[in-house]
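Let's take a friendly walk through this protein model. Have the sequence and the 3D view ready as you read.

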Amino acid sequence: MASEASQTMSLKILVEKEKNRIVFVEANKDFADVLFSFLTIPIGTIFGLTREHFLEGEIGCLNDLYESLEKLDEDFLSSEQKGILLHPRCATDIYCRNLKVNLAECNESKYYVCKDAIERCDFVSYYQNYSCPCGKALQYEVNLLNPVPHGGSGFIKPAVRFMITDDFQVLPMSTMAGLSLLGNFGAFDGSKTEERMLNVGKDEVLKLLKCSLASRTPFSDSILEPPFSKTKPMINYGQCGPRMINLSQRDADTRNKDEKINLKLIINRSNNRVLYAEVEENFVYLLCSFLSIPIGYVIKEFPYLSFKGNLENLRKSVQDLDVSKFFKSEEMKAILLDPKLAPGTSYDKKLIGIEEAVNLPFSTLYSLFEFESSDLSSESPLREVKIGGALVKGPSMFMVTDSLSIAPLSPISGISLINRLKVPLSDIKELEVNMGEEETLRLLVALLVSRSALTDAFVLKETKQET
């Protein structure tokens, strides 16, 4: 674990004093790498790191989903499984290993190999629940060396510097661009602005990560204002923003169009809102899998998502920046623009066209590993994490509320919920839904921007398809 001093980055900021707003920030490679890494972090990891700072409903249904998974009984979900779901692995772990602030390091960066890894097998897994292609168990745990050699980590070339606006536009250094930003504030008079130096560490980066999802001015709100001020939550009903035009044109091999998940919606007939759904374990598994999806994938598929935050500006900046001038390679830019799941985490019913990252072979990573045991031929196995098969045990039935709280199905609990909401029993109807790709993507977005995810995904069905 790096020391606090080694995790500190220096920023030069220009502040417009009257409005107490940051005009722009000057930052080097270290900070730009950390900022760009936001796009690759799984949704579950982001929320797990910042959850104590969010107001209820501030980013959709994440709090309800996350808390109900934590409370789910061992009969349905083991503690090891909860760890995987609530703190999913990041596909860019190796590239982010030595960032000044590595927010995904809570995942411990452990990998698993079988006893023949050195001599014959070339397989490395992020998880121990899989078997090696040779058929043997993944008995041995290996860790990445720290620091990682061979050119270090990150996405940006050394010595590169950027200007970053308050709304996450990342620009090449330019005097004229700086003057243009000043003009947006009407601050050409030098007495209206002030230059400051700021040291930023993990706490400040966590505040910035939170504000990247919940604020249109994330730098000002995380640096200049009292942290996590009580702002009104942004709650949307049925307006998840238009999808990418080419959504239906994606390679059909990335998903199975015939796959469906069935669920029954219990609906308040008078206002056409979902009270809860009766579902099997495959639907809960799908909800769990949402937590492993990098936030950048959602921004890619829904660039006009009605977040309060500005991650769409961050992604567009990556898209606009010249590869040859700023990025280590085309691959590094592609990783940020099209973030993928960590190897071994994809849902077996591919209702979303997100891909897994390439699983790098053992021979490629060998020089980066340190071994728990110096003798890989030893017959002494590591402690097994028995997760195998589906993440949620079945067959099981669950009830999932409109805000995505999950509990084992109980008709008594359902009737109690109906009574608490003062819905007449005569006003209840049941709607059966066959859930395919379109509905799955709609539910994924509603999870992040709405407090009524089931209603928005399956009942309202986005009445507005254009901004």
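A pocket here is an open set of grid points with protein on both sides within 12 Å along at least five of seven lines, and its lining residues have an atom within 4 Å of a point. Keep in mind that this is a predicted model.

The second largest pocket holds about 350 Å³ of space. Its lining is made of 20 residues, and Ala 91, Tyr 95, Ile 335, Ala 357 and Val 358 lie nearest the centre. Two or more lining residues come from each of α5 (93–96) and α13 (330–337), with α13 giving the most, three residues. By type, the lining divides into 14 nonpolar, three polar and three charged residues.

Now turn to the rings. The structure has eight aromatic pairs, and two of them are set out here.

| Pair | Distance between centres | Angle between planes | Kind |
|---|---|---|---|
| Phe 31 and Phe 219 | 6.0 Å | 35 degrees | tilted |
| Phe 36 and Phe 162 | 6.4 Å | 75 degrees | edge-to-face |

Phe 31 sits in helix α1 and Phe 219 in helix α8, so their pair ties together parts 188 residues apart in sequence. Phe 36 is in helix α1 and Phe 162 in strand β5, so this pair ties together parts 126 residues apart in sequence.

Finally, how many residues of α16 are buried? Twelve of its 13 residues are, among them Leu 441 and Val 445. These buried residues pack against several elements, including α2 (43–50) and β13 (428–435).

How values were computed. Residues numbered from 1 in each chain as written. Predicted model: local features only at pLDDT ≥ 70, side-chain atom pairs only at ≥ 80, totals over all residues. Heavy atoms only, no water. Buried < 20%, exposed > 50% of the residue type's maximum accessible area, 1.4 Å probe, protein only. Helix = DSSP H or I, 4+ residues; strand = E, 2+ residues; numbered from the N terminus. Contact = heavy atoms within 4.5 Å. 1 Å grid on protein atoms, 1.4 Å probe; cavity = no way out; pocket = protein on both sides within 12 Å on 5 of 7 lines; lining within 4 Å. Points joined across faces, edges and corners; volume = space filled by probe spheres on them. Nonpolar A, V, L, I, M, F, W, Y, C, P; charged D, E, K, R; others polar. Phe/Tyr/Trp six-rings, centres within 6.5 Å; stacked < 30°, edge-to-face > 60°.
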